[in-house]
Amino acid sequence: MKRLITFSYRNKDLPPFSCEFRGRRRRVLDLPLIAWLTVIWVLLWSSLNWANVLTGAVVAVAVCLAFPLPQVDLGLRLHPWGILRLAGFLLYDMYTSGVRVTRQIFGDRPYRAAVIAVPLRCRSDLMLAATAVAVSNVPGGSIVEVRRATATVFLHVLDADRPAELDAARRSVWRLEELTVRAFGTRDEIARVAGPPPTPPDTGEQPKDQGEDA
């Protein structure tokens, strides 16, 4: 006997968090989309109660069955343990980086800034964007450009007095890339970030002394 409803955890060929209806026509429903449409329905009625929630869910399912969207796999996977590790690392890095930037601001010596190129191991648009957002959330460094063709991000760092500081900035980006991919990436992407990071290009650029611009 064939199942009328099959969830994604029983069928790995389905997109994550989805269910399949088998009838005269095959329909695959995106459960997060159903939930979002239900939330919109409740907001339109401006009243949170069981009647509005159930009605919204029924309307959302009916709309998705009547007007099915094409199946698009964004390459997003949710790994709970990886998400917790990424959140913990971001909180710790934001704190330590904030303290370091504060010391630089109130320090006596002028700091030297630079823009460095950091090649990444994953080339998918989603992971490039997610890594860039994660890096930009940490004080002391900001992404000024993302080059999709070469999977390279260009990072502005405040402390570039020594080559060791630049190497530390690159290692921090690669660490955030690995944690981001382990939180949201596919198996192939996780296997890719498990390998050694690529060799950064030698641009021959020298750090810029911020004190000379004043």
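Colleague: Among contacts in the protein chain between residues at least 6 apart in sequence, what share joins residues at least 24 apart?
Modeller: 63% of them, where contact means heavy atoms within 4.5 Å. Mind that it's a predicted model: local features need pLDDT of at least 70, side-chain atom pairs count only at pLDDT 80 or more, and totals for chains, interfaces and linings use all residues. Numbering starts from 1 along each chain as its sequence is written, and side-chain values use heavy atoms, leaving out hydrogens and water.

Colleague: How many helices and strands in the protein chain?
Modeller: 6 helices and 7 strands, taken as DSSP runs (H or I, at least four residues; E, at least two) numbered from the N terminus. The order is β-β-β-α-α-α-β-α-β-β-α-α-β.

Colleague: At what angle do H3 and H5 pack?
Modeller: About 150 degrees between H3 (residues 80-106) and H5 (residues 163-184), and their axes sit 7 Å apart. That makes the pair roughly antiparallel, a label for angles over 145 degrees.

Colleague: Which residues meet there?
Modeller: On H3, they include Gly82, Leu86, Phe89 and Asp93. Among those on H5 are Ser172, Leu176, Leu179 and Phe184.

Colleague: Which H5 residues are buried?
Modeller: Leu166, Trp174, Glu177 and Glu178 are among them, buried being under 20% relative accessible area (1.4 Å probe, protein chains only). Their cover includes H3, strand E4 (112-119), helix H4 (125-136), strand E6 (152-157) and helix H6 (187-193).

Colleague: And what share of the protein chain counts as buried?
Modeller: 31% of its 214 residues.

Conventions. Axes fitted to C-alpha atoms, helices over the stretch in contact; angles between N-to-C directions. Parallel < 35°, antiparallel > 145°, perpendicular 65-115°, else oblique. Buried < 20%, exposed > 50% of the residue type's maximum accessible area, 1.4 Å probe, protein only.
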